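Open the model in your viewer and keep the selection panel at hand. The stops below go from one selection to the next.

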Amino acid sequence: MASLAQADDPDIRERVRALMISASDQAEATFRTAVRPIYGVAENGTPDQLGSAVLVDIDGTRCLMTAAHVIDANEKTTLYVGGDTTLVEINAEFDATVAPESGRRDDHYDFAIAPLPETMLSEMSTLKFVTGQEMAPTSLGRDKLLYTALGFPNSKNKAALAGALKVRGQLYSYSSFARFQPALALSLDVSGDEHVFIDHRKHGRDETGRKVLSIAPRGLSGGAIIQAADFGDREVLLGRKPPEPKLAAITIELYKSHQTLLGTRVDAMLPAWRAAQ
């Protein structure tokens, strides 16, 4: 798919780039209020942006979904999630993957889900909760799928808190194509079927096509990975059929050595969570 985006024909290159931008913009517009920042409190009492989360509706139960390593911070600090206009204290019980004895770093599924109590939901009435119909089914192929990662990188949210816990978080999006990495999957001892592998380079392109430095993804953990478009669908590629963005995964880790952003698929998380109920 990268060859299409870099085709020799400038008309084809421009058309593909325009479709990529349009699909990414639609993914962000559709899911932006479902993706929320998570904060802790630093030792000096200032807000400390730790990660991101996704609001989901699972079988009629409204839940918060994030990376388990983000929730681990609750052992040291009270955690807050972005609500309608303020940060809301997270007062919920999570079911999370179990960290190996070697530490959370070796947890390559790394997710946590919690039903939200009414005390929290009352302060999240304007936000989107992603339904099952808006979640991507397991993809048969690992290429030609354009993904958009949404979250709140720490580098863009260091001073995101105003008085009275007001939220000013800056949402960030990064779009690229799926690029399965067999060597990485082997090193992590995963099949790849329960994960999304996204190409993540040091440099990317902005909306004008200009080469820019990609933002470091610290703080994106637990955020949404949206399947923005299937460029394997000829009708989508030709612009005859609009892409249908779907929530596919949550971000868990960046592997710089493989230039890959890794996410755990929603359709792998939900059966495990349902079984635990």
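Select residues 35-41 and 47-58. These are strands β1 and β2, which pair in the antiparallel sense over seven bridges. The coordinates come from a predicted model. Within this pair, pick Val-35 and look across to β2: Val-54 stands opposite.

Now widen the selection to the whole sheet. Seven strands make up this open sheet, and their order is β5-β4-β1-β2-β3-β7-β6, with antiparallel pairing. Go to residues 87-89 (β5) and 95-96 (β6): these strands stand at the edges with a single partner strand each, so one side of each has no neighbour in the sheet.

Next, the nonpolar core. Which residues of the largest nonpolar core touch the most other members? Select Val-56, Met-65, Ile-113, Val-130, Leu-146 and Leu-247; the core they belong to has 41 residues. At least two residues of this core come from each of α2 (10-31), β2, β3 (61-66), β8 (145-151), α5 (182-188), β13 (224-230), β14 and α7 (266-276). Helix α2 gives the largest share, five residues.

Stay with Val-130 and show its surroundings. Leaving out residues up to four places away in sequence, Val-130 touches Phe-31, Ala-34, Met-135 and Leu-247, and also Val-54, Leu-55, Val-56 and Asp-57. Another core, of 21 residues, lies apart from the largest one; to find it, select Ile-71, Phe-94, Ala-112 and Leu-121, which are among its members.

Move to Thr-148 in strand β8. Is Thr-148 buried or exposed? Its relative accessibility is 0%, so Thr-148 counts as buried. Display the side chains of Ser-24 and Ser-175. The Thr-148 side chain makes a polar contact with the side chain of Ser-175 at 2.7 Å, and another with that of Ser-24 at 3.5 Å. Beyond four places in sequence, the contacts of Thr-148 also include Ala-27, Ser-173, Tyr-174, Ala-224, Ile-225, Ile-226 and Ala-228.

The last stop is Pro-243, in the loop between α6 (234-237) and β14 (246-255). Pro-243 has a relative accessible area of 17%; the cut-off for buried is under 20%, so Pro-243 is buried. Draw a C-alpha to C-alpha distance from Pro-243 to Ala-229: the two are 14 residues apart in sequence and 5.1 Å apart in space. With neighbours within four places in sequence set aside, Pro-243 is in contact with Ala-228 and Ala-229, as well as Ala-23 and Gln-26. Ala-228 is also a contact of Thr-148, which links this stop to the previous one.

Note on methods
Residues are numbered from 1 along each chain as its sequence is written. This is a predicted model: local features need pLDDT of at least 70, side-chain atom pairs count only at pLDDT 80 or more; totals for chains, interfaces and linings use all residues. Side-chain values use heavy atoms; hydrogens and water are left out. Two strands pair if DSSP finds at least two bridges between them. Helices (H or I, at least four residues) and strands (E, at least two) are DSSP runs, numbered from the N terminus. Buried means under 20% relative accessible area, exposed over 50%, partly exposed in between (1.4 Å probe, protein chains only). Contact means heavy atoms within 4.5 Å. A nonpolar core is a set of buried Ala, Val, Leu, Ile, Met, Phe, Trp, Tyr and Cys residues joined through side-chain atoms within 4.5 Å. A polar contact is a pair of N or O atoms within 3.5 Å; within protein, one must be able to donate a hydrogen and the other to accept it, and residues adjacent in sequence count only if both atoms are side-chain atoms.
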